[in-house]
Amino acid sequence: MSKTWVKVAQRGWGVQRSIGAAVRTAADGGVVSVMPGEYAESVLLERGVSLEAAEGPGTVTIAPARGPALTVAGGSPTVRGLLLRGADPQEPAVLIGGGAPVLEHCEVVGGRVEVAGRAAPVLRDCAVRGAVGVGLRLGGDSRAVVEGCAVADTEGVGLLVAEGAVPEVRSTRIGPSSAQGLYVGGTGGGSFEGCEVTGSGGAAVRVADAAAPVLRACRLHGNHAAGLHVSADTPEPLAAGSAEPAEGGTVLTDCEITGAATVGVLADEDARVLLRDCRVSRTGGAGIVAVDRSRLRLYDTVTTDTGDTGLALGQSASARVEGGGFLRATGNGVYVAGEAELALSGSEVADAGFSCLHLGEGGSADLADCRLHGTPEHGIRVTGNSLLSAEGTTVEQARMAGVSVEERADAVLRGCTVRATGVGVRLDTRHRPLLEDCEIAATAGAGVEVGERTGVLLNRTRIHDTGGSGLLAAERSTPVLDGCEITDTAGSGIVVRAGADPRVRASTIARTAKNGLYLDEGAHGLLEDCALSETGYPALYVGAGADPVLRRCLVHDTAEDVALAERAAAVLEDCRTERVEQATLPAVGEPVAPGTPAGIARPWSLPGTTAGATAGATAGAGAPAGDGEADGTEERDRAEAELAALLGELHRLVGLERVKRDVETMVKLMQLVRRRKELGLPPPPTSRHVVFAGNPGTGKTTVARLYGRILHALGMLSSGHLVEADRGDLVGEYVGHTAPKTTAVFRRALGGVLFIDEAYALVPHGQGGDFGQEAISTLVKLMEDHRDEVVVIVAGYPGDMQRFIDANPGLASRFTRTLTFDDYLGPELVDIVAHQAEQHRYDLPEPTLAALAGYFTELPRDEGFGNGRTARQVFQWITERHAQRIADLDAPTAEDLTTVLPQDLPELSAAV
């Protein structure tokens, strides 16, 4: 069927004079052909009648005095080649409220294009310019297709997607605009492919509400604010069994964000953003920022030449990054702070103005197979209470430290390489970081620096070609090395400062420019089954008052084995030399001289030492008692006095008679263990981990704190401090989050007691897949790995603790002893209140004590009863009522101010 044509012209015979009249007379499917000219009317299309400029685009203008130039209410008309001029730039010049029209090669000037309702228009090769407020608004539940268009010179937002609209926008240029270039809100989103957003006064792309747009091969550039700003407020739950967020959020693929005046990408509130194969460059601020509770996923995405940090995470944000990198950031390459979490895999961080990776406050980062290099500061800096876990990662060309762990931070490095840095690894933290199967090489200074009072575990780690010492142990530090290799150092292999106490096992120290092992005055240490060779100075130097113990060590292929300062007190057991020019130790195969301690073939008589030094050195190895023996006796006396004081403090606690007897029994058992060890006898099987079963307020935390101090006095724990934790401290919010949280808490407790209150909460009723099981499994492994370094106490209601023990087969074998904390009896509660009164200088006369005893007898012991906490709360109420009574007296005496009367007791209803 052929189309019917109706011609419109402003003059001539046989034509319509107005477009509206022509539309009304045209049949469905007909075409209205408009001759050149400007038509002052508002056109309504609600059927399948099409409009086109008879002589091509730009020859026909529709410019009404008021209202839209074109309104489409229904049908599927085509409008081609018209210039549509709005009457008011703040109002629609084109309003599409229904139907599926096609607008081609049209130009809309002085007003916006608005799509509403369920309309499904196609805008192809059109231009919208000069609107105020919004250039192109897609709202309602519309499904518009916008292709090859341009939205320019907008005083406001260029393109706005609102409500439930889901458009398809392709090859469209948006900008310049005074506000955002593209604003996507509501519950829809839509797709944008091959688009360009430029010259916006606000963010190039702004996403809000529950919108989830998808951008492919788009270019956002030259904008006066952020490139992309996402603030969605509908977080998606985790997919079951997955560490990835469920589908949804804003997705950018193969996009470029460049020249943003502030940040390249900003995610805040509950935003979810995925960037794949994207590039962010030349930003005025940071490259990518995520804060609040937002989540980022970056795949093969690169930030370069950013005006601040490449990637910054704060508050509770999280990011998973695979591939890509963060290059040439003016600030840090990557910055993580607050409680933010980062997983970085196969990525490169390079040429940062500050550190390549900085972790601060409570941030955490998990690195796998990454490369960080090129920084005037640190390769990785871990500060505050943050946590680093790195595996298979390389850190190079850091002018300061390759890895620096400071303050209360912790770190675990496995299979990592640190090379060409100032210091290799610097550790100055109260935690005990772990380096396992790592390599530290080509450093300008020391390979590893262990700060004052800091501990570190180095397993199978190789340190070589250092510009200073291989490992420097500062005052009172406690490094532990097992199976390590330290070679080719410009300084000594290991330097031990005063009070430091390293433990080195099965390790090799070779080719050092100075000593293999240098112990400063007053240093300690233990070396077992180690080999020292090819040292520039004596393999072992022991300063005055230093008392290291070396067992089964071999010194070979060097000029001199041992040099001692005066009053040195080294102990060498079963140590030998091989191919040593000036040897004091016996050679391999040489018999030990009669009457000398094992491993010492002759009296100490090296240059620079004296007979006093010889006596000091041999006393600790079984020689006649000297100053060292006297010091040991004094130390034991101090420990016994401290133990007696702590047991006295335990017995002064109100009630808890069963607990006191059990603790005394455990103390005696541990004293027996210690004495058997001193005599070389095998200790009986023991477990120091304990279950505390009792209702709230029965003194479990107080006893746990004393228990740790008692074990310290017994020499069973290095510090005896208490770290309290509960389910919230151990269990993460998503898969892969729990083990690092549990490990961080556990490592804080090393040397002391980890007290887990309400431990049964890790095994909720009817939730077999709960993350608490992961926390328990992690705890069981950590307890085995550090069985001599920590004591774990789990506490909770008596009826629930067996459920906790049954949750994992490894718990029953580790928690073999349960201490039961009975509820306080009435007289014991009175004693607690009386003790509180004495501390705060209140007097409780006999009538008051009798009334108090009656009060606790009548007090209901329901679920709200808190034992000791209830007693302390009652005392607080007493002081408040006493104060109210005294306030009514004109001139209260000192006795009035201190004496509690029976009427000062609270009503029973207050405690119920």
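Q: Why is Arg 371 called partly exposed?
A: In this predicted model, Arg 371 has a relative accessible area of 35%. Buried means under 20% and exposed means over 50%, with partly exposed in between, so 35% puts Arg 371 in the middle class.

Q: What makes Arg 371 and Glu 396 a salt bridge?
A: Their side chains come to 2.9 Å, N to O. The cut-off is within 4 Å, so the pair qualifies. Arg 371 sits in strand 45 and Glu 396 in strand 48, 25 residues apart.

Q: Is Glu 396 buried or exposed, and how do you know?
A: Buried. Glu 396 has 13% relative accessibility, and the limit for that class is under 20%.

Q: How do you know that Arg 432 and Glu 789 form a salt bridge?
A: The N to O distance is 3.7 Å, and the rule asks for within 4 Å. Arg 432 is in the loop between strands 52 and 53, and Glu 789 is in the loop between helix 8 and strand 76, so the pair ties together parts 357 residues apart in sequence.

Q: Which class does each of these two partners fall in, and why?
A: Arg 432 is at 14%, so it counts as buried. Glu 789 is at 23%, so it counts as partly exposed.

Q: What does the salt bridge between Glu 649 and Arg 709 tie together?
A: The closest N and O atoms are 3.7 Å apart. Glu 649 lies in helix 3 and Arg 709 in helix 5, so the bridge joins parts 60 residues apart in sequence.

How values were computed. Residues are numbered from 1 along each chain as its sequence is written. This is a predicted model: local features need pLDDT of at least 70, side-chain atom pairs count only at pLDDT 80 or more; totals for chains, interfaces and linings use all residues. Side-chain values use heavy atoms; hydrogens and water are left out. Helices (H or I, at least four residues) and strands (E, at least two) are DSSP runs, numbered from the N terminus. Buried means under 20% relative accessible area, exposed over 50%, partly exposed in between (1.4 Å probe, protein chains only).
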